[in-house]
Amino acid sequence: TGVALYADGIKVGRDMYLDRGFTADGTVRMMGADITGQLALHGAQLRSADSDGNSLYADGTRVGGGVFLSGSFTAAGAVRLVGMNITGQLACHSAQLTGADNYGNALAANGIRVSDSVFLDTGLTANGTLSLASAHVGGSVYVKPRKLVGEDKVALAAARAQIAGTLEWAP
């Protein structure tokens with residue numbers, strides 16, 4: 001129930017891999033990190049959440065490549081990418097976001113800046129809102145999940161978001 005990885009402010013000169021085989025029984029924190037290359041969490045398992053309902057904190061992090069929460073990535077709590085700056089793409093292919101924060105968000109990416117496209121697709125399941133409020137996306141946003149939050153809840157929050165390309169929602 002504590003912090004499994006505390007890397008606030010870390011500077012990584014290349015790629016950062018927390019992928020295949022990476023398992024955390026506490027929260028993963030990398031707020032304000034500066035990663036020159038990509039951030040990959042392919043197949044990572046974040047198996048717990050803190051009292052606010054979060055499994056991953058990456059607020060204010062800068063990534064020089066793409067961010068990949070894919071390949072059966074699972075998070076028992078919300079994934080926070082608030083104010084993150086991504087030079088490449090944000091890909092959540094086949095991610096399993098099974099929990100939500102205290103505000104109902106499975107993905108809290110408010111104010112995120114993504115130079116390329118955002119992919120919330122290919123088998124993504126989310127048990128909470130996908131929040132891209134005030135996001136700036138240089139490419140397109142593709143929302144093609146397998147399953148989103150149930151009835152009477154907001155599936156996608158994108159108030160004040162700016163998307164240079166298209167917003168594609170299916171089904």
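The legends below describe close-up views of a predicted model.

**View 1. Lining of the largest cavity.** The count comes to 1 cavity of 30 Å³ or more. The largest cavity has a volume of about 40 Å³. Its lining is formed by L132, A135, V137, V141, L156, A158, A161, I163 and L167. These residues divide into 9 nonpolar, no polar and no charged.

View 2. D121 is found in the loop between strand 19 (118-120) and strand 20 (125-126). A polar contact of 3.4 Å joins the side chains of D121 and T122.

**View 3. Salt bridge between K144 and E168.** The closest N and O atoms of this pair are 2.8 Å apart. The pair links distant parts of the chain, 24 residues apart: K144 is in the loop between strand 23 (141-143) and strand 24, and E168 is in strand 26 (residues 167-169). K144 is partly exposed, with a relative accessible area of 32%. E168 is also partly exposed, with a relative accessible area of 32%.

**View 4. Salt bridge between R62 and D34.** The side chains meet at 2.9 Å, N to O. R62 belongs to strand 10 (residues 62-63) and D34 to strand 6 (residues 34-35), so that the pair links distant parts of the chain, 28 residues apart. R62 is partly exposed at 44% relative accessibility, and D34 is partly exposed at 22%. The model's count comes to 5 salt bridges.

**View 5. Salt bridge between D59 and R80.** The closest N and O atoms are 2.4 Å apart. D59 lies in the loop between strand 9 (54-57) and strand 10, whereas R80 is in strand 13 (residues 78-80); the pair therefore ties together parts that are 21 residues apart in sequence. D59 is buried, with a relative accessible area of 15%.

**View 6. Positive phi at S72 and R160.** Most residues other than glycine have a negative phi. Phi of S72 is near 70 degrees, and this residue sits in the loop between strand 11 (67-68) and strand 12 (74-75). S72 is partly exposed, with a relative accessible area of 45%. R160 has a positive phi of about 65 degrees and is placed in the loop between strand 24 (156-157) and strand 25 (162-163). At 65% relative accessibility, R160 counts as exposed.

Terms used:
Residues numbered from 1 in each chain as written. Predicted model: local features only at pLDDT ≥ 70, side-chain atom pairs only at ≥ 80, totals over all residues. Heavy atoms only, no water. 1 Å grid on protein atoms, 1.4 Å probe; cavity = no way out; pocket = protein on both sides within 12 Å on 5 of 7 lines; lining within 4 Å. Points joined across faces, edges and corners; volume = space filled by probe spheres on them. Nonpolar A, V, L, I, M, F, W, Y, C, P; charged D, E, K, R; others polar. Helix = DSSP H or I, 4+ residues; strand = E, 2+ residues; numbered from the N terminus. Polar contact = N/O pair within 3.5 Å; in protein donor to acceptor, adjacent residues only side chain to side chain. Buried < 20%, exposed > 50% of the residue type's maximum accessible area, 1.4 Å probe, protein only. Salt bridge = Lys/Arg side-chain N within 4 Å of Asp/Glu carboxyl O.
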